[in-house]
Amino acid sequence: MNAQDPSNQSPKDWSWPFWPIVPLYPYGKRRTLRKEVVKDSIWTFDQLQGVLYVVTPIRMTAIKLDAGGLLVYAPVAPTPECIRLVWELVAEHGEVKYIILPTVSGIEHKVFVGPFARCFPEAQVFVAPHQWSFPFNLPLSWLGLPRNRTHVLPAEPSKAPFTDEFDYAMLGPIDLGLGAFEEVVFFHRRSRTLLVTDAVISVPEDPPDIVLLDPYPLLFHAKDDGFDVVEDRTATRRKGWQRIVLFTLYFRPSALAVIPFGQAIRNALNAPERFRKTYFGLFPFKWQKDWKRSFEVLVGDRPLFVAPILQTLILNRAPRETLDWAYQVASWDFQRIIPCHFAAPIEASPYQFQQAFQFLKQKSSGSADGETHQTPCLADYTLLQEIEQELNRRGILPPSQGIEEEK
Ligand SMILES: [Fe+2]
């Protein structure tokens with residue numbers, strides 16, 4: 001039976017009862033889309049997350065081991081549908097042997113590992129070192145990770161049980177004041193595939209398939225203001241998607257005016273679509289005519305790049321360490337990258353991977369002289385810079401560091 005056949009599905013299959021732990025759209029219902037990336041060898045499982053219809057894909061990847069069985073990188077929500085899709089692979093290729101939690105800071109990835117691991121009692125769980133939980137440093141078992149079969153990834157990859165097939169490299173921990181950023185990327189030698197969590201992304205011009213399963217969020221954000229009524233067309237979906245990307249990556253892009261709350265309420269009372277689904281006509285945004293330029297500048301013709309929040313608030317705390325890590329990763333001979341967000345797989349070379357981190361060679365956005373930026377659309381970084389400055393001022397975030405010398 002093909003679990004992705006719509007006739008075999010019901011909303012119960014998409015149920016994720018623990019959504020209040022990380023209350024992101026689509027809350028208690030999560031669809032899962034499995035794709036075979038390399039025949040009989042690599043599969044991605046896409047779900048959605050977001051708030052206020054700002055939806056972005058979140059992804060786990062399963063790789064078949066040479067001796068049979070599967071390694072799962074960055075589990076997503078183990079809904080009945082998701083687990084059934086994994087079981088189909090298990091029936092054909094063997095048990096889930098290893099589950100990898102590759103991040104310390106990505107709560108949207110951490111939250112699923114414990115519940116996912118409980119569905120596969122034979123699997124050994126390996127977690128990135130230096131795990132922390134805001135506001136308290138809780139033991140791993142408190143995060144729902146199985147006590148008897150959870151291990152910290154060895155600092156030396158040759159000591160991991162899957163060392164014959166995988167290499168890995170850790171970025172961090174990078175001290176962020178309240179916690180730390182850390183990510184572990186995996187290199188699967190046989191398929192020449194790099195698995196990445198958050199460090200790089202590739203943003204497609206058109207909405208990914210998982211977003212198209214329910215296009216309403218795309219149509220919602222395609223509206224120019226609360227009075228707009230949009231038709232469901234390909235171009236409208238693309239417009240909604242590109243704005244969602246700008247929201248996700250900048251929080252408040254420069255081409256977006258946020259309407260004062262009182263005005264938004266008054267507009268809602270006169271809006272043409274006042275249903276629960278449309279937040280009763282509440283649409284506190286107004287896009288400027290040239291909004292698309294922000295998307296074009298952001299994405300450009302780059303096959304992959306580092307998300308603005310990582311550029312502005314995180315990786316520029318440790319530029320030398322990040323670049324060294326990027327050069328180490330680029331020494332592996334990969335031909336594709338599978339990140340946990342946005343597009344995948346990306347056909348990209350080690351050189352392109354390392355190029356994505358070259359912004360670190362310029363002065364960081366928060367530097368005292370204010371100079372910076374790989375990205376010319378400076379205005380889009382305004383909110384992120386304000387956040388950085390405020391966190392700096394309060395002494396919460398360590399200062400950014402510049403780096404100028406060539407390696
Ligand atoms: Fe993430």
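Which residue in S9 is the bridge partner of Leu171? Select Glu183 and you have found that partner. Before moving on, some housekeeping: this is a predicted model, where local features need pLDDT of at least 70, side-chain atom pairs count only at pLDDT 80 or more, and totals for chains, interfaces and linings use all residues. Residues are numbered from 1 along each chain as its sequence is written.

**The hairpin and its sheet**

Now colour strand S8 (residues 166–175) and strand S9 (residues 180–188), which pair in the antiparallel sense over 8 bridges. Strands here are DSSP E runs of at least two residues and helices are H or I runs of at least four, numbered from the N terminus; two strands pair if DSSP finds at least two bridges between them. S8 and S9 make a hairpin with 4 residues between them, and Gly177 in the turn has a positive phi of about 85 degrees.

Over at the S14 end, strand S13 (residues 336–338) pairs with S14 in the antiparallel sense over 2 bridges; show Arg336 and its bridge partner in S14, Glu347.

**The core**

Next, select Ile99, Ile100, Val200, Val306 and Ile337: they have the most contacts inside the largest nonpolar core, which has 96 residues. Such a core is a set of buried Ala, Val, Leu, Ile, Met, Phe, Trp, Tyr and Cys residues joined through C-beta atoms within 7 Å. Buried takes 20 or more other C-beta atoms within 10 Å of a residue's own, with C-beta atoms placed from the backbone. Helix H5 (residues 234–250) supplies the largest share of this core, 7 residues. Domain 1 (6–202 + 311–355) and domain 2 (209–299) both give residues to the core, so it lies between them; the domain bounds come from an automatic or database assignment.

Zoom in on Val200. Leaving out residues up to four places away in sequence, Val200 touches Leu304, Phe305, Val306, Ile337, Pro339, Phe353 and Ala356, where contact means backbone-placed C-beta atoms within 7 Å.

**Helix H1**

Last stop: which residues of H1 are buried? Pick Glu81, Cys82, Leu85 and Val86. They cover an arc of only 140 degrees around the axis, which puts them on the same side of H1; the arc is taken from the directions from the helix axis to the C-beta atoms. Finish on Gly94, which follows H1 and has a positive phi, near 110 degrees.

How values were computed
Buried ≥ 20, exposed ≤ 12 C-beta atoms within 10 Å, placed from the backbone. Contact = placed C-beta atoms within 7 Å.
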